[in-house]
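Take a look at the protein below. This briefing goes from one residue to the whole chain.

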Amino acid sequence: MILENGMKILKKGNRKNQPVALVERKFKDGKKEYIIAFNYEIKGNSIEWGYGYYYSDNIKKAKEDFNRVLKGENLADTFQN
């Protein structure tokens, strides 16, 4: 699903009945950023979320952590490890 501001939902799921999405944001210069968006909501052609974890262009780490989230894990220490 492609949304405004270069946002694209790559994967969707739930953690403890809370909606979670893996989002790709593409900037005008072609650079990409990956976000795990918690408690997200689609409004019209845009996405809003309660909080998120940002991964710059590291899609591998974003996908790994997204799978952890779907298993119910916490990401509080993800950038310390």
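In which element is the place of Asp-65? Asp-65 lies in helix 1. The model is predicted: local features need pLDDT of at least 70, side-chain atom pairs count only at pLDDT 80 or more, and totals for chains, interfaces and linings use all residues. Residues are numbered from 1 along each chain as its sequence is written, and side-chain values use heavy atoms, with hydrogens and water left out.

**Overall build**
- The protein has one helix and six strands. Helices (H or I, at least four residues) and strands (E, at least two) are DSSP runs, numbered from the N terminus.
- Along the sequence, the pattern reads β-β-β-β-β-β-α.
- The radius of gyration, taken over C-alpha atoms, is 12 Å. The globule rule (2.2 Å times the number of residues to the power 0.38) also gives 12 Å for 81 residues, so the protein is as compact as a globular protein of that length.
- The C-alpha trace spans about 30 × 25 × 15 Å along its principal axes.

- Four strands form an open sheet in the order 1-2-3-6, with antiparallel pairing. Two strands pair if DSSP finds at least two bridges between them.
- Strand 1 (7-15) and strand 6 (51-54) stand at the edges. Each has a single partner strand, so one side of each is left without a neighbour in the sheet.
- From one strand to the next, the twist averages 20°. Axes are lines fitted to C-alpha atoms, for helices over the stretch in contact, and angles run from 0 to 180 degrees between N-to-C directions.
- Helix 1 packs on this sheet and touches strand 1, strand 2 and strand 3 (32-38). The direction of helix 1 makes about 25° with that of strand 1.
- Strand 1 and strand 2 (residues 18-26) run antiparallel, joined by eight bridges. Met-7 has Arg-25 in strand 2 as its bridge partner.

- Asp-65 is buried, because its relative accessible area is 0%. Buried means under 20%, exposed over 50%, and partly exposed in between (1.4 Å probe, protein chains only).
- The side chain of Asp-65 makes a polar contact with the side chain of Tyr-55 at 2.7 Å. Such a contact is a pair of N or O atoms within 3.5 Å; within protein, one must be able to donate a hydrogen and the other to accept it, and residues adjacent in sequence count only if both atoms are side-chain atoms.
- Not counting residues up to four places away in sequence, Asp-65 touches Ile-36, Tyr-55, Leu-75 and Thr-78. Contact means heavy atoms within 4.5 Å.
- Lys-63 also sits in helix 1 (residues 59-70). Lys-63 counts as partly exposed because its relative accessibility is 40%.
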